[in-house]
Amino acid sequence: MSGINFTPENVAAELSQFSEKLVQSYNTLQDLGEVQVGQTTKDIIYSEDKLKLYHYHAEKTPGRKRCKTPLLICYALVNRPYMVDLDPQRSFVKRLLELGIDVYLIDWGYPDAADRYLDMDDYINCYISNCVDQVLQYSSQQQINLLGICQGGALSLCYTALNPDKIKNIVTMVTPVDFQTPDNMLSHLAQQIDVDLAVETYGNIPGAMLNDAYNSLMPMRLGIQKNLNIPQQLKDQASALNFLRMEKWIYDSPDQAGEMFRQFVQQFFKQNGFLNGQITAGNRKVDLKQISQPILNVFGSFDHLVPPDASRALKGLTSSSDYTEYEIASGHIGVFVSGRSQQEVAPTIADWLKQQD
């Protein structure tokens, strides 16, 4: 083939270089200690079952205007919330603190067999509701700002529609609203799942199985290509820690409470409930028209899990007269850990919250 110098000598040289990189990678790993994540200082101010509610220590920045309304971050149930505090140089939370935002975060913990029958009612009308009340009490405020991430954004919209008096502003990040856009590969996969059979078979849905499903959406990039590039990722301690922190997060996947998983897949993926008005939590129907708060909707241009159109669908579904979209040239995770996140995303959110304060 033209342009390819495929000779035994070149192959041998490339294999030799690859072997040297493998040795270097091994030596790098030998010198590393435990991989630390979620290092920003915080206190547990409330706990319930597996859940913990964190309050992060404020950053003292002279001359920086502070937002008096506290911000509660509601993460997805899948994976762990330390994605927003991966390391000191790539911490979305730390950056918000530096910018004068008072940050709280829900950590859902690790569901076990005792949580098999937790459902939408438990997560929205109990857990999120109790956390909101705790933040209100702890901060001595009448309302809070609510930031929901991915699935946590969908749950945050549900909570706000049911309790509009307690929420001042809403930020949704990489949040699916239309769960059946043509380019939504995860939705196409979910349509093929017999969710009743899965829950009856497993009880709680194994997190490792869900991880395999996510990786299968991009097998070359998330499988072969990533593995072949590992020696380059482990060439020195700095790049190795960046890589290993991300890998730790990816494979730190809690099991999903069976009944919650069943209801979420059925109501959101299969019924596309936000668009069709078919979301219920317990005996309460969710009506997004009950939301009149200002909304900032943040999404990534290259997000393969929540395509931009899946998030854009929020426009017009609420009664808000102050709706803003912010699209960043990033993938699903880069919105939080990229350099652009530190320089643009967190400041944009902080400025928007202060303007609404």
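Visitor: Which residues point one way from β9, and which the other way?
Guide: This is a predicted model, to begin with. In β9, I295, N297 and F299 point one way. L296, V298 and G300 point the other way.
Visitor: Why that pattern?
Guide: In a regular strand, side chains alternate between the two faces of the sheet.
Visitor: Are the residues of β9 buried or exposed?
Guide: Those on either side are all buried.
Visitor: What does β9 pair with?
Guide: Strand β6, residues 167–173, pairs with β9 in the parallel sense over 4 bridges. Strand β10, residues 323–328, also pairs with β9 in the parallel sense, over 6 bridges.
Visitor: Which residues stand opposite I295 and L296?
Guide: I170 stands opposite I295 in β9. V171 stands opposite L296.
Visitor: And on the β10 side, what stands opposite V298?
Guide: Y326 in β10.
Visitor: Zoom out. What order do the strands of the sheet have?
Guide: The order is β1-β2-β4-β3-β5-β6-β9-β10. This is an open sheet of 8 strands, with mixed pairing.
Visitor: Which strands stand at the edges?
Guide: β1, residues 42–48, and β10. Each has a single partner strand, so one side of each is left without a neighbour in the sheet.
Visitor: How much are neighbouring strands turned against each other?
Guide: By 20° on average, with direction ignored.
Visitor: Let's pick one residue. Where is N145 placed?
Guide: N145 is in strand β5, residues 144–149.
Visitor: Is N145 buried or exposed?
Guide: Buried. Its relative accessibility is 0%, and buried means under 20%.
Visitor: How many residues apart along the chain are N145 and D357?
Guide: They are 212 residues apart along the chain. Their C-alpha atoms are separated by 9.5 Å.
Visitor: Change of topic: helices. How many residues of α4 are buried?
Guide: 12 of its 12 residues. Among them are Q151, G152, L155, C158, Y159 and L162.
Visitor: What span should α4 have?
Guide: Helix α4 runs over residues 151–162. At 1.5 Å a residue, its 12 residues should span 16 Å. Its end C-alpha atoms are 17 Å apart, which agrees.
Visitor: Now the holes. How many cavities of 30 Å³ or more are there?
Guide: The count comes to 3.
Visitor: How much space lies in the largest cavity?
Guide: About 60 Å³.
Visitor: Which residues line the largest cavity?
Guide: D49, K50, L51, W108, P111, D115, L118, Y123 and Y127. By class, that lining has 6 nonpolar, no polar and 3 charged residues.
Visitor: And how much space lies in the second largest cavity?
Guide: About 50 Å³. Its lining is V78, N79, G207, L210, N211, Y214, S253, P254 and Q256.

Key:
Residues numbered from 1 in each chain as written. Predicted model: local features only at pLDDT ≥ 70, side-chain atom pairs only at ≥ 80, totals over all residues. Heavy atoms only, no water. 1 Å grid on protein atoms, 1.4 Å probe; cavity = no way out; pocket = protein on both sides within 12 Å on 5 of 7 lines; lining within 4 Å. Points joined across faces, edges and corners; volume = space filled by probe spheres on them. Nonpolar A, V, L, I, M, F, W, Y, C, P; charged D, E, K, R; others polar. Buried < 20%, exposed > 50% of the residue type's maximum accessible area, 1.4 Å probe, protein only. Helix = DSSP H or I, 4+ residues; strand = E, 2+ residues; numbered from the N terminus. Pairing = 2+ DSSP bridges. Expected span 1.5 Å × (residues − 1). Axes fitted to C-alpha atoms, helices over the stretch in contact; angles between N-to-C directions.
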